Amino acid sequence: MKNTYFQTLNSDDLISLVGVNDQYLKLIQDYFDVELTNQGDGISLKGLEPDVLLVEQLLKSLSNLISQCVKINGSDVMSAIKMAQKGTLDYFEDLYQKILIRDAKGKPIRIKNLSQAHYVEAIKHHDVVFGIGPAGTGKTYLAVIMAISAFKRGEVERIILTRPAVEAGENLGFLPGDLKDKIDPYLRPIYDALYAIFGTEATNRLMEREIIEIAPLAYMRGRTLDSAFVILDEAQNTTRSQMKMFLTRLGFDSKMIVNGDITQVDLPYNAKSGLIEAKQRLQDISAIKFVNFSANDVVRNPVVTKIIEAYEKNEEQE
């Protein structure tokens, strides 16, 4: 057994490091066999030496961010935990050196893990990027951020966001309005991301001017999308013909981001997902990049990761 003591520079840093009611210490203890105790001026660590040394390195990485005026939250702590488990903690602080963009309130938005870093780099350097993995990994949010960044730099003239009109357990035909009205509620995560970055008034103005377009996938047919940043969300619910139709809309000076979770296909009659087929057919095209996310990349409440892992385990046994 090893006992050691981790001391922060001041009491404010310690409060930020341990969280409200020591919630971050409790979170770390859930994943490592190390006893952590807030001593008021530092943190005592007790456990097997390899575990203690790893958690001490984790605390140091988080403390270094705090000393650089980075306000950490639960998702930051979870990212550090997961990177420590995978042996990539040395890269953790590097993720916070670059700000992708600032939201409408001036808050900096940064990458949270290595998978997100690979995703952002792929978007920068490829015409078409597929982000495949479970909900909560930041695929859609980061895609919207990259779209807004490209628009602000003048690299594209418009932003187009779309998804297929399929939803688990729902019948869109019973909802009021036309197809766009029916699907708008399911595009709420995209609206929320736009409102967070641009602000509500600016987003609505850009939508009125059709600089930002949010529409069902059916509205893409017959179009050529030049100088546009196009995001297809929930792509696992496209059919083969819909995916082909969408990808062949790509025009000059444009980017396409295709996001989805191949474990959550809601197509009827066991129809094959266009996303699954695209992954099989398009892997060897150099202008197209596939980035895979896993449950370990989820940046929501830690219990979400455990829920995803539990379902994946049961599906493997069935």
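A search of the whole structure finds five aromatic pairs, where rings of Phe, Tyr and Trp (its six-membered ring) pair if their centres lie within 6.5 Å. This is a predicted model, in which local features need pLDDT of at least 70 and side-chain atom pairs count only at pLDDT 80 or more, while totals for chains, interfaces and linings use all residues. Residues are numbered from 1 along each chain as its sequence is written, and side-chain values use heavy atoms, with hydrogens and water left out.

**Stop 1: Y119 and F293**

Select Y119 and F293. A pair of aromatic rings is described by the distance of the centres and the angle of the planes. Here the ring centres are 5.4 Å apart and the planes stand at 75 degrees, so the pair is edge-to-face; planes under 30 degrees apart count as stacked, over 60 as edge-to-face and the rest as tilted.

Which parts of the chain does the pair tie together? Y119 lies in helix α5 (residues 114–125), and F293 lies in the loop between β11 (288–292) and α12 (302–317), so the pair ties together parts that are 174 residues apart in sequence. Helices (H or I, at least four residues) and strands (E, at least two) are DSSP runs, numbered from the N terminus.

Y119 counts as buried, at 0% relative accessibility, and F293 counts as buried at 7%. Buried means under 20% relative accessible area, exposed over 50%, and partly exposed in between (1.4 Å probe, protein chains only).

**Stop 2: F151 and F198**

Now select F151 and F198. Their ring centres are 6.4 Å apart and their planes are at 85 degrees, so this pair is edge-to-face. F151 belongs to helix α6 (residues 139–152) and F198 to helix α8 (residues 188–198), so that the pair links distant parts of the chain, 47 residues apart. F198 is buried, at 15% relative accessibility.

α6 and α8 pack at an angle of about 45 degrees, with their axes 10 Å apart. Axes are lines fitted to C-alpha atoms, for helices over the stretch in contact, and angles run from 0 to 180 degrees between N-to-C directions. α6 and α8 are therefore oblique to each other: angles under 35 degrees count as roughly parallel, over 145 as roughly antiparallel, 65 to 115 as roughly perpendicular and the rest as oblique.

The crossing of α6 and α8 is right-handed; a crossing is left-handed if the near helix is turned anticlockwise from the far one by less than a right angle, and right-handed if clockwise.

Which residues of α6 meet α8? T140, Y141, V144, I145, I148, F151 and K152 do, and their partners in α8 are I190, A193, L194, A196, I197 and F198. Contact means heavy atoms within 4.5 Å. An α-helix has 3.6 residues a turn, so residues three or four places apart point the same way.

**Stop 3: T137**

Go to T137, in the loop between β6 (128–132) and α6. Is T137 buried or exposed? At 0% relative accessibility, T137 counts as buried.

The side chain of T137 reaches the backbone oxygen of P134 at 2.9 Å. A polar contact of 3.4 Å joins the side chains of T137 and K139. A polar contact is a pair of N or O atoms within 3.5 Å; within protein, one must be able to donate a hydrogen and the other to accept it, and residues adjacent in sequence count only if both atoms are side-chain atoms.

Not counting residues up to four places away in sequence, T137 touches Q116, F293, S294, D297, V298 and V299.

**Stop 4: helix α10**

Select helix α10 (residues 240–247), where M243, M245, F246 and L247 are buried. The buried residues of α10 pack against β6, β7 (158–163), β9 (228–232), β10 (255–260) and α11 (274–281).

**Stop 5**

Most residues other than glycine have a negative phi, and most peptide bonds are trans. E234, in the loop between β9 and α10, has a positive phi near 55 degrees. E234 is partly exposed, at 27% relative accessibility.

D22 has a positive phi of about 60 degrees although it is not a glycine. D22 sits in the loop between α1 (11–18) and α2 (23–31) and is partly exposed at 25%.

**Stop 6: Q57**

Last, select Q57 in helix α3 (residues 49–67). Q57 is partly exposed, with a relative accessible area of 31%. Leaving out residues up to four places away in sequence, Q57 touches L89 and D90. The side chains of Q57 and D90 are joined by a polar contact of 3.0 Å.
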